[in-house]
Amino acid sequence: MKKRVTLTFPKRVIQMPVTYRLAKDFNVAANIIRAQVAPNQIGKLVVELLGDIDQLDAAIEWMRSQNINVSHNLGEIVIDEEVCVDCGLCTGVCPTQALTLDPETYKLTFTRSRCIVCEQCIPTCPVQAISTNL
């Protein structure tokens, strides 16, 4: 089973090797989608967790016991088609090719099922037509 979560670390546990502990202690794989971690600051990590449902639940419970805030990501990328000018700049930064230009019409196509909500496309859009509802 997969779960996408955002982990918010208090300053005092920022040095904890969480992804290592998830793999070693709970047999849960953690695919890091986005990270904002620095010494002596609150850290944020967006990860996709993969493992057996019971192992995932135990891992999440352990993280919460370590004062790591775990929130489930239900957000997604939103494209304002009224604002989008189909320039294609976002397609060059999309790591999963969820954003592509139709070869015949040159219109932007968004394949939501391929999107991992990494948000790399948002700052790339010159007309700010891309946002997230996270």
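User: Which residues on the other side of H2 are called exposed, and what makes them so?

Analyst: The model is predicted. On that side, Asp54 and Glu61 are exposed; the term requires a relative accessible area over 50%, so both residues are placed above that cut-off.

User: Which residues of H2 are buried, and why are they said to lie on the same side?

Analyst: The buried residues are Leu56, Ala59, Ile60, Trp62 and Met63, the term meaning under 20% relative accessible area. They cover an arc of only 160° around the axis, which puts them on the same side of H2. In general, an α-helix has 3.6 residues a turn, so residues three or four places apart point the same way.

User: What do the buried residues of H2 pack against?

Analyst: Their partners are strands S1 (2-9), S3 (43-50) and S4 (69-72), together with helix H1 (18-26). Contact here means heavy atoms within 4.5 Å.

User: How do you know that the span of H2 is close to the expected one?

Analyst: Helix H2 (residues 53-65) has 13 residues and reaches 18 Å from first to last C-alpha, against 18 Å expected at 1.5 Å a residue.

User: Why are S2 and S4 called edge strands?

Analyst: The open sheet has the order S2-S3-S1-S4 with antiparallel pairing. S2 (29-36) and S4 each have a single partner strand, so one side of each is left without a neighbour in the sheet.

Key: Residues are numbered from 1 along each chain as its sequence is written. This is a predicted model: local features need pLDDT of at least 70, side-chain atom pairs count only at pLDDT 80 or more; totals for chains, interfaces and linings use all residues. Side-chain values use heavy atoms; hydrogens and water are left out. Helices (H or I, at least four residues) and strands (E, at least two) are DSSP runs, numbered from the N terminus. The expected span of a helix is 1.5 Å times one less than its number of residues. Buried means under 20% relative accessible area, exposed over 50%, partly exposed in between (1.4 Å probe, protein chains only). The arc is that of the directions from the helix axis to the C-beta atoms. Two strands pair if DSSP finds at least two bridges between them.
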